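The tour below goes from one selection to the next.

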Amino acid sequence: MNQYVIAIDQGTTSTRAIVFDHDGNIVSSGQKEHEQIFPKAGWVEHDPAEIWDNTREVIGSALSKANLTRHDIAAVGITNQRETAVVWDKTTGKAVYNAIVWQDTRTQPIVDELAADGGVERFKQKVGLPLATYFSGTKIKWILDNVEGARAKAEAGDLLFGNTDCWVTWNLTGGTDGGVHITDVTNASRTMFMDLETLSWDEEILAAFGVPKSMLPAIKSSSEVYGTVHTSQLLREVPVAGILGDQQAATFGQAAFAKGGAKNTYGTGNFMIVNTGEEVVHSKNGLLTTVCYKIGDAKPVYALEGSIAVTGSLIQWLRDNLGLISSAPEVETLAKTVEDNGGVYIVPAFSGLFAPYWQSDARGVIVGLTRFVNKGHIARAALEATAFQTREVLDAANADSGVDMEDLRVDGGMVANDALMQFQADILGIPVIRPKIVETTALGAAYAAGLAVGFWKDTEEVGKYWAEDKRWEPKMEAGERDRQMRLWKKAVTKSMGWVDEDVK
């Protein structure tokens, strides 16, 4: 009985349920993609109802594959795409609009309006984030301003908001029949509304955005029992006991519990997190300050984060928009048909540039094209773009911490790509290390839930399960590394300042 923990990983492109045993090994999993909705250029949406339907389906799939029932599960952990905003009617349980995804850039006019008084760093000292389309706050305001009747309903107390962790938790625990409306500190720290020091919603900022406080979930720790699964669900009466935003969950899954511990996740985008301990560190080099995790009543642990909007999604773009490849793994095969990038650099600023630049007026560019260039060079440049962007974030982290990172722990789907990982080590000049269990995001959520119910004793025990699988050592000469970075930075400048008033 109660030999396993199940994690729900509600990601940008799919929802997964993964069952873990006590040693952190994967027992079974279920996964289902959801539709990516692009109503206009720069708009990215998901259907919240589809996400919830898929969540129930993947839970059933994971349990059935391992022939398990609710009696075998000690706890449920949840991890999620952060900053993707859902606003729903608490009476009907239906969203008033599609979820607005973290990549969406429609709220730039709202950013400009709020930044007119105090600039983009107007609230940064308090919340750790610059004003940007990336975070949840502007998305809620857009829904209230643009969906008919939404603001009146919100002010009447009838609407609820949450990132997708909140939406899944509310439905899992009963929805309109007593669903728990809560979020954890890591997700709350991505809204622009939470004071990093007090871990509470800031009423002054809410007033500036015009968002009623009644819409917001209660803020909880990342590891505690929030409630139990509703009796109508397969996992009925199992405790829901852990929530972490996906990047913080991956940090947890990589056992980066010590100050200075770091990881880089390669997914739809790339996200590097550096644990700064119990101290709030404000970046001087374009990184975000965020909550890393909070276990029960213990003090919160903070982090610096470098967020890169487009990495894995650039490979999807090669597949879906250009038809250059028919499946994501083919990009490595295609890239290996050439010896180098042929002088081509791709800066995938599809949603503007995130860390360390925060240039919302940037757009994607391909530079260095000649008649010599073929699709192999394009494929290679797409992979290398991920590594170059990571190097810039790592440089910023080193500058903020004053200590150079000695190696980099990596996870996420793209770490299966040997060519990319070798180039990553080359361009960083330090070893890149992949753990045996690369599903660290789901694992982190499982750990947080298991710790809350005593399935695991403490973080020290959890840390013992981390094991190295493969290591890539840098092979590139320093002079070539410097040349490549110089050209990359030159390419980045070509992407900036593209959006004028008449160019959307």
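Predicted model: local features only at pLDDT ≥ 70, side-chain atom pairs only at ≥ 80, totals over all residues.

Next, select what touches Met192. Apart from neighbours within four places in sequence, Met192 is in contact with Phe123, Val127, Leu129, Pro130, Leu131, Ala132, Phe135, Ile205 and Phe209.

From here, go to Ala385. Between Met192 and Ala385 there are 29 Å from C-alpha to C-alpha, and they are 193 residues apart in sequence.

Ala385 belongs to helix H12 and takes part in the meeting of H12 with H10. Select both helices: H10 covers residues 312–320 and H12 covers residues 375–401. Their axes are 8 Å apart, and the helices pack at an angle of about 155°. H10 is therefore roughly antiparallel to H12, since angles over 145 degrees count that way. The crossing of the two helices is right-handed.

Show the side chains between them. On the H10 side, select Leu314, Ile315 and Leu318; on the H12 side, select Ile378, Ala379, Ala382, Leu383 and Ala385. By class, this contact has eight nonpolar residues, no polar ones and no charged ones.

Last, look at two cysteines. Cys166 counts as buried because its relative accessibility is 0%. Cys292 is also buried, with a relative accessible area of 0%. How many disulfides does the structure hold? The number is zero.

Notes. Residues numbered from 1 in each chain as written. Heavy atoms only, no water. Contact = heavy atoms within 4.5 Å. Axes fitted to C-alpha atoms, helices over the stretch in contact; angles between N-to-C directions. Helix = DSSP H or I, 4+ residues; strand = E, 2+ residues; numbered from the N terminus. Parallel < 35°, antiparallel > 145°, perpendicular 65-115°, else oblique. Left-handed = near helix turned anticlockwise from the far one by under 90°. Nonpolar A, V, L, I, M, F, W, Y, C, P; charged D, E, K, R; others polar. Disulfide = S-S within 2.5 Å. Buried < 20%, exposed > 50% of the residue type's maximum accessible area, 1.4 Å probe, protein only.
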